[in-house]
Amino acid sequence: MAPTLTPEQAKAFYDRFGAKQDRQGFYENPARRDLIAQADFETAAAVFEFGCGTGDFAARLLAEHLPRQCSYTAVDISGTMVRLARARLAPWRDRARVDPSSGSTTLEAADGAFDRFVSTYVLDLLSDEDIRGLLAEAHRILSPGGRLCLAGLTRGAGPVASLVSGIWEALFAVRPALLGGCRPIALCGYLDPDRWRIEHRSVRTAFGISSEVLVAARLDRETGLQE
Ligand SMILES: C[S@@+](CC[C@H](N)C(=O)[O-])C[C@H]1O[C@@H](n2cnc3c(N)ncnc32)[C@H](O)[C@@H]1O
């Protein structure tokens, strides 16, 4: 498999890509709908999103699912995306903030500050090491019983989806930047069962492109208990 994009390459790509990200909804939306159905956002108090893009998912959450008192905080490496997301989330500016980041997976948030950690179509462009680092940080900043809420590209099941995944991986091997640095991965394989209890996992396929949806509850490292 080809190396993943460096943070500098990812920033350059998404600064150029900008609002075109919203055109990916044709294959992302079924997975996002499933994530919304499974992550119980209606009871959330503080949501953190890593790599919010244009703020499209956040706007849906804020408009339709999060309680009025719930805060939303996001980071993104791309200045273009931060600008687009801030503009889109302006109606909720009293409780939604979007910050630029260096691309580091070490987060500035305090321990236990959030009860939902969201990231959609971002871990699939990070290196293995960064995925593991980010999940360790998600565990740190989630409160006991907080939920990890992920969606991303995965290998397809069935003949058409397998063929599409195969072509995608072949293209990724030659030019990862053509695909925004994203490649099919198995998110569930990164979750340590001592630290996360998977509450929901599904694979949604739209137009031959498969996405994995994962909701996992944070377990306490020492006790293995949820709360
Ligand atoms: C494929 S887009 C997905 C955007 C959004 N989450 C969605 O589902 O539409 C990937 C996003 O992750 C951001 N990103 C990539 N690498 C990042 C990093 N290391 N730290 C923060 N954001 C990153 C990009 O700028 C881009 O906005």
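Reader: Is Arg88 buried or exposed, or something in between?
Author: Arg88 is partly exposed, with a relative accessible area of 32%. Buried means under 20% relative accessible area, exposed means over 50%, and partly exposed lies in between, with a 1.4 Å probe and protein chains only.

Reader: What sort of model is this, and what are the ground rules?
Author: This is a predicted model, in which local features need pLDDT of at least 70 and side-chain atom pairs count only at pLDDT 80 or more, while totals for chains, interfaces and linings use all residues. Residues are numbered from 1 along each chain as its sequence is written, and side-chain values use heavy atoms, with hydrogens and water left out.

Reader: Which side chain does Arg88 meet in a salt bridge?
Author: Arg88 meets the side chain of Asp56, at 3.9 Å from N to O. A salt bridge here is a side-chain nitrogen of Lys or Arg within 4 Å of a carboxyl oxygen of Asp or Glu. Arg88 belongs to helix H4 and Asp56 to helix H3, so the pair ties together parts 32 residues apart in sequence. Helices (H or I, at least four residues) are DSSP runs, numbered from the N terminus.

Reader: And what about Asp56 and Arg32?
Author: Their side chains also form a salt bridge, at 2.7 Å from N to O. Asp56 is in helix H3 (residues 56-64) and Arg32 in helix H2 (residues 25-38), so this pair joins parts that are 24 residues apart in sequence. Asp56 is buried, at 19% relative accessible area, and Arg32 is buried as well, at 8%.

Reader: Which residues make up the salt-bridge network?
Author: The network links Asp22, Glu28, Arg32, Asp56, Arg60 and Arg88.

Reader: How many salt bridges are there in the whole structure?
Author: A search finds 17. One of them pairs Arg116 with Asp115, at 4.0 Å from N to O. Arg116 is buried, at 3% relative accessible area, and so is Asp115, at 15%.

Reader: Changing topic: at what angle do H1 and H4 pack?
Author: Helix H1 (residues 7-17) and helix H4 (residues 79-88) pack at about 45°, with axes 7 Å apart. Axes are lines fitted to C-alpha atoms over the stretch in contact, and angles run from 0 to 180 degrees between N-to-C directions. The two helices are therefore oblique to each other; angles under 35 degrees count as roughly parallel, over 145 as roughly antiparallel, 65 to 115 as roughly perpendicular and the rest as oblique.

Reader: Which residues make that contact?
Author: Lys11, Tyr14 and Asp15 of H1 meet Gly79, Thr80 and Met81 of H4, where contact means heavy atoms within 4.5 Å.
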